[in-house]
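Let's take a friendly walk through a two-chain structure. Please look at the picture first, and then read on.

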Amino acid sequence: MPADAWAVQLAVGGCSHPDTSRGLDLSKQSQDPLPRGQMAGHSLSRIDDTLLVREAQRGNRAAFEELVRHYDQAVLRLAMHLTGSEHEAQDIYQDAFLKAYKSVGNFRFECSFYTWIYRIVTNLCLDHLRKKQVRKEDAPVAVDAQGEAYDVLSQVPDVRAGANPERDLMRRELGTRINHALDKLTPRERMVFELKHYQGLKLRTVGEILNTTEETAKNTLFRATQKLRGSLADMR
Amino acid sequence: MKCEWVHENILLHIYNELPDDARYELEQHVARCTDCAAELKAARHLHATLSQFPVQEPSPNLVTASRMRLQEELETTEQGGFWQRLVFDPGAWLRPIKLAPALAAAIFIVGFAGGIGATYQVMNGRNPVDLSSPTPTESSITGIQSISQEPGSSQISIRYNTVSTQEAQGSLNDQRIQQLLLFATRNNYNSGVRMDSVDLLTQTPNDTRVREALLYALRYDSNPGVRLKAIEGLGSYVKNDVRVRDAVLEALVNDSNPGLRTQALHLLEPVRADSSVRRVLQKLAENDQNLYIRSQAQNVLSQMSEID
């Protein structure tokens, strides 16, 4: 683990599937929204994880904290994008890693630690999305750590040359429309779409994380995309 | 039929999940079929539109705050061990027993024999605890009264309470003395005693238990003097131990004592090229409330360009 690891872009490794082991492909950055979210796993981090998990199972808290550092930025990124709230993302982070700490002794290396921790996180996020659907909340604003509401999109600096207020306004409106369209998906469709489109995972990995097959994940993605296409049909 | 297949697979094509031969087939078809070409264009447009909903990276402050909150909770959280597995996953331990009657019988016999042995011990009034042992167990210590070191000598005297006050003497290398010092750093209400114990422990920071205790004191001790002693003891490890570096960074960002933050800033100077340190320094240089810290952070950052 390099000394400056906690601040660098997280290469979420430790996945045991060859199709997820490709690194960051910057050439596709214009097409894929977030290639950085792809798992740039490599054998070294896999070995690291295995050793750390074994140490954590022996009760070594420092080893567990090291594991947390491997994955926590990816966990926060996913939870923040799904919940739209730093505060709720922090709660999911806390619950996920505490759950992992309590049950790391039961981890049997039947899948990678990466898949396991993501399973815990996605289950918590799915619970959150289900509760949100029940509450019928569709406010386009998010809530920060201090409990104050803010527009998610207004937090993204527009660094493009020649950016102007009119274009900025259009961008925000577009973001709000997309947010509404995503809210219309079922929690499972939203999750599959999030993991595939925004986090850049392979469908096989998405299936493993959600305890289903690649084919089912593909069908769910297909359904989600059709719905989004219907919701955003009038947009050019 | 062909168009139907293309429509089903356009999504996989856009996400680069089609095998090479299928991709080639799809591209060939789209080049000839205007309907499918329009479908591909529409799917790409939707993909591009949805990609405009940005995924934000968590800020360093959020990551640090989340880690600290988790660390605090972990301090008081027990790992689910054998009993939890027994309760929540009975299948896991029943399975081998079910499949191996001999093992089940052996466990039964051992358990039965153990039970008889224990009963025999109790009936004979034998106490399993060796009271003559001078080593105090943590659970029997109620508090440390005082710590003193004779000038020019390696002998340390520690007065501690169990049921009645006791005194232990020995050198810093003595296991019993170390155990009491480690206990004092975490559990004593008297900050003077905590200060003395941290001060003595800084003489042997190579011991991982000692380093853990110093990290604990730096993060959680309520007395700034104790935290200052701890950070001094950890100073030489900032370069090589990531955990020490993170703790010093946390102190720099969050500690309430300006003196300690200044000390942390100086300790981090040799590792200012580290990206995590750099980010924190940039943040402090921009908007720290303490003018001195802000200027010092700017100063350290300005020196960086001369090196990098």
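Two strands are said to pair if DSSP finds at least two bridges between them. Keep that in mind for chain B of this predicted model: strand β1 (residues 143–149) of chain B pairs with β2(B) in the antiparallel sense, over six bridges. One of the residues to look for is I144(B), whose bridge partner in β2(B) is Y160(B). Together, β1(B) and β2(B) make a hairpin with six residues between them. In its turn sits G152(B), with a positive phi of about 75 degrees.

Now turn to the two sides of β2(B). In a regular strand the side chains alternate between the two faces of the sheet. Here is how strand β2 (residues 156–161) of chain B divides:

| Face of β2(B) | Residues |
|---|---|
| covered | I156(B), I158(B), Y160(B) |
| uncovered | S157(B), R159(B), N161(B) |

Stepping back, chain B has 15 helices and three strands. Of its 308 residues, 25% are buried. Among contacts in chain B between residues at least 6 apart in sequence, 47% link residues at least 24 apart.

How do the two chains meet? In all, 51 residues of chain A are in contact with 38 residues of chain B. On the chain A side, the elements giving two or more residues are α2 (61–83), α3 (86–103), α5 (165–183), α6 (187–198) and α8 (214–231). The most come from α2(A), with ten residues. By type, the residues on this side of chain A are 27 nonpolar, 14 polar and ten charged.

Key. Residues are numbered from 1 along each chain as its sequence is written. Chains are lettered from A and ligands numbered from 1 in the order in which they are written. This is a predicted model: local features need pLDDT of at least 70, side-chain atom pairs count only at pLDDT 80 or more; totals for chains, interfaces and linings use all residues. Two residues are in contact if their C-beta atoms, placed from the backbone, lie within 7 Å. Helices (H or I, at least four residues) and strands (E, at least two) are DSSP runs, numbered from the N terminus. Ala, Val, Leu, Ile, Met, Phe, Trp, Tyr, Cys and Pro count as nonpolar, Asp, Glu, Lys and Arg as charged, and the others, Gly among them, as polar. A residue is buried if 20 or more other C-beta atoms lie within 10 Å of its own, exposed if 12 or fewer, and partly exposed in between; C-beta atoms are placed from the backbone.
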